[in-house]
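Q: I'm new to this one. Can you walk me through it?
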Amino acid sequence: MANNHYQTLNQAKLHWDESQRPISQAFDDVYFSKASGLDETRYVFLQHNGLPERWQKTTFIHRPFVIAETGFGTGLNFLCTWQAFIQHAPEDARLHFVSVEKFPLNINDLEQSLALWPELKPLADQLIAAYPLPIPGFHRRHFDQGRVQLTLIQGDASECFSSLESRVDAWFLDGFAPAKNPDMWTPELFQSIRRLSDKGTTVATFTAAGIVRNGLKAAGFEVKKVKGFGHKRHMVCGELILDAEGQAVQTVNPAPDVVPVEPLPLAKPWMKTPWFKPPCTVNHSNKQHIAIIGAGIAGTTTAQALARHGFNITLIEQHDQAGKEGSGNRQGVLYIKLGTEPSSHSRFYLSGFEFSRHYFNNLQKQLSRTDFKELIWQACGVLQLAYTEKEVKRQKRFIERNNFPDMLLKAVTAEQASELSGTPLQQSGLWFPQAGWARPDIICQQLSQHSNIKRVTGQFVDKLQPADSGWSLLDKDGKTLLKADQVIIACAASTKHFAQTAWLPTKAIRGQTTYLQTTAQTPELKTVVCHEGYIAPALDNTLCLGASFNLKDDEKELRESDQQHNLNLLSEAMPTFAGQLNHSGVDTGTLSGKVGFRCASPDYVPLTGPAPVYKEMLERFALLRHDATKVPDAAPAYYPGLWLNTGHGSRGLASAPLCAEVLAAYIAEQPMPLERELVNALQPSRFIIRGLIRDKL
Ligand SMILES: Cc1cc2nc3c(=O)[nH]c(=O)nc-3n(C[C@H](O)[C@H](O)[C@H](O)COP(=O)(O)OP(=O)(O)OC[C@H]3O[C@@H](n4cnc5c(N)ncnc54)[C@H](O)[C@@H]3O)c2cc1C
Ligand SMILES: C[S@@+](CC[C@H](N)C(=O)[O-])C[C@H]1O[C@@H](n2cnc3c(N)ncnc32)[C@H](O)[C@@H]1O
């Protein structure tokens with residue numbers, strides 16, 4: 001990204017007509033028909049895309065039916081589609097709705113608009129609860145246990161669709177009328193529509209304006225002008241018809257007054273970075289068997305994401321239970337540290353944080369409907385103290401340069417920080433009101449439970465061997481533990497144990513947390529406080545503080561010096577609170593805690609994606625060693641059906657759930673939950689390419 005500020009969004013400014021329908025002030029246009037918004041959506045977008053009939057096809061049991069929309073607005077089209085899908089689609093069919101919105105409604109206006117449709121209330125309430133903050137970029141949400149998914153992308157339609165990777169089955173071209181909003185209907189938008197469409201993709205739009213018909217025709221669609229909704233004379237619908245070579249064909253005459261148009265050249269975004277081109281899907285069936293090695297937060301979130309898509313998962317773990325290693329802490333903090341400038345690292349973690357907090361909210365809600373009553377997540381807020389002069393300056397610069405919504409983060413004085421946390425603090429800081437702490441161990445155990453997930457515990461996978469059309473997983477004696485069509489390696493630092501992935505530049509970093517029992521005199525801490533270490537509010541009369549950070553250290557037992565280190569960090573950052581704990585005379589040898597190993601990558605971004613064949617990649621892209629400006633005309637080499645999800649470092653709670661979605665998007669043929677640039681930033685092969693460019697490999 002050329003811009004060195006995080007992008008911001010302008011929210012929609014509305015006024016309301018005599019029937020309380022929203023009107024855009026900027027565009028002076030309606031969000032839906034004055035006659036009936038519901039009937040308009042059903043007529044224009046559903047009926048003219050052949051819905052709900054097309055949902056009956058078995059193809060959409062193997063992969064989700066993907067709808068893409070320009071202009072999410074009030075979400076009416078999404079809610080109507082979701083309602084029709086529940087009513088008419090087969091039970092095992094899945095829907096994925098992608099929508100781009102440049103001027104999102106604020107939450108109050110959204111609620112007021114959706115109150116117009118009482119029949120949609122049960123769905124509208126779920127959308128309102130899941131509605132993203134006004135932060136640009138991709139926001140993925142799950143509804144109905146993941147049967148219906150929404151990817152709401154906040155930003156400009158042309159820009160956002162050009163960075164989306166997906167296959168779209170039907171387009172809802174909404175957006176204000178071209179006469180009032182010509183900027184949206186760009187050639188780049190139509191080029192993306194062509195790139196994301198395939199044989200049989202349909203399109204429907206409320207408008208019959210020439211710019212739209214010509215754009216669609218140039219994108220290869222066969223376009224028809226038909227009767228519009230209500231008082232409107234015409235609207236347009238169409239279909240992409242491809243010949244055996246994948247070339248668009250117009251089988252009937254287009255709408256009579258369409259002028260001849262030049263076909264748009266096909267967009268080929270992978271030309272600039274061919275080394276990141278994703279592999280072709282191994283097999284178009286979700287009945288495949290996928291083995292996942294490692295039942296930490298990375299493995300269990302991935303198992304859930306794929307199980308929801310109907311895959312048969314075997315989750316294989318060396319311990320007797322999930323969540324015993326890095327993810328075995330009593331309390332982990334969902335937090336992020338954003339750079340002053342929007343690097344890929346910061347943009348990825350911002351997306352991951354936003355996704356995770358909705359994910360944990362949902363999980364807590366789902367569990368509360370069962371017999372399971374434990375707290376697994378508490379959004380108590382996180383304070384990031386400016387604990388050194390350098391950090392004070394960094395936070396000041398960060399706040400001055402950027403403009404984030406207060407609901408995401410804001411600067412607070414020492415007095416405000418003290419008020420929020422319930423304990424006197426001497427430093428100013430950043431306040432993340434929606435952040436909090438989670439119980440990673442219990443979350444892993446809960447996520448491993450699904451009818452499509454088989455748990456195999458107490459088994460260490462020693463080797464991976466290609467077999468038939470998939471992989472054999474062998475133990476130390478060379479005995480086959482199981483065979484699977486595809487394998488996902490999610491075993492943190494031990495990923496390097498396998499011959500195929502031994503080249504990975506990851507490091508294990510030892511960490512130790514300290515548990516302190518509270519007494520009746522212990523002051524109540526209301527928020528998580530992060531400094532050089534961190535402390536979370538007490539859970540079951542125990543405070544969890546952490547954490548030490550040691551490279552090249554494989555000691556698995558608790559160490560007194562590390563307990564002391566954690567206590568010292570607390571005393572330095574929060575002297576009043578630490579003083580009230582009365583731990584100064586405590587024998588650190590009697591304290592409990594937990595040792596774990598983080599798996600960090602050189603750029604502190606996870607490694608999620610297809611497993612490259614190291615030697616082959618070096619050969620295919622060798623040209624980069626001599627001249628990094630020359631893009632070799634080569635395809636990347638991947639082990640078929642072998643994937644990685646590791647390198648979650650110190651922030652697995654913010655990164656793992658979203659990375660699981662990325663893997664599910666590769667494997668289950670659904671839209672990516674992140675823009676292409678960030679999906680590439682996660683690709684394990686980036687280290688091979690960087691090494692070649694720097695001539696280090
Ligand atoms: C002390 C400490 C404090 C932390 N605090 C936070 C925090 O506050 N917030 C935060 O977001 N993150 C925190 N982290 C980081 C976070 O815990 C990790 O990012 C996260 O746990 C990584 O999850 P994972 O699934 O990749 O790895 P793990 O949880 O380590 O899971 C890997 C699993 O693979 C299994 N396995 C390994 N090899 C094999 C094999 N060959 N066969 C079978 N099974 C195998 C292991 O037994 C393990 O269960 C902390 C880490 C530590 C160590
Ligand atoms: C008619 S409304 C859409 C109504 C919506 N589909 C619904 O169900 O409520 C048009 C929407 O397009 C959005 N929009 C306008 N220009 C845009 C652009 N360039 N990129 C993305 N969205 C845009 C507007 O902010 C507005 O929300």
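Q: What lies 2.9 Å from a nitrogen atom of ligand 2?
A: A polar side-chain atom of Glu69 does, in this predicted model. A polar contact is a pair of N or O atoms within 3.5 Å.

Q: Which residue has a polar side-chain atom 2.5 Å from an oxygen atom of ligand 2?
A: Glu101. Asn181 also puts a polar side-chain atom 2.9 Å from a nitrogen atom of the ligand.

Q: How much of ligand 2 does the protein bury?
A: 98% of the 600 Å² that ligand 2 exposes when taken alone. Accessible areas use the Shrake-Rupley method with a 1.4 Å probe.

Q: How many residues surround ligand 2?
A: 22, with a heavy atom within 4 Å counting as near. Gly71, Thr74, Glu101, Asp156 and Asp174 are the closest.

Q: What classes are in that shell?
A: Nine nonpolar, eight polar and five charged residues. Gly counts as polar here.

Q: New topic: how is the chain divided into domains?
A: Domain 1 is 30-248, domain 2 is 289-326 + 442-504 + 602-693, and domain 3 is 382-433 + 507-598. The bounds come from an automatic or database domain assignment.

Q: How far apart are the C-alpha centres of domain 2 and domain 3?
A: They lie 32 Å apart. Seven residues from domain 2 and six residues from domain 3 make the contact (heavy atoms within 4.5 Å).

Note on methods:
Residues are numbered from 1 along each chain as its sequence is written. Chains are lettered from A and ligands numbered from 1 in the order in which they are written. This is a predicted model: local features need pLDDT of at least 70, side-chain atom pairs count only at pLDDT 80 or more; totals for chains, interfaces and linings use all residues. Side-chain values use heavy atoms; hydrogens and water are left out. A polar contact is a pair of N or O atoms within 3.5 Å; within protein, one must be able to donate a hydrogen and the other to accept it, and residues adjacent in sequence count only if both atoms are side-chain atoms.
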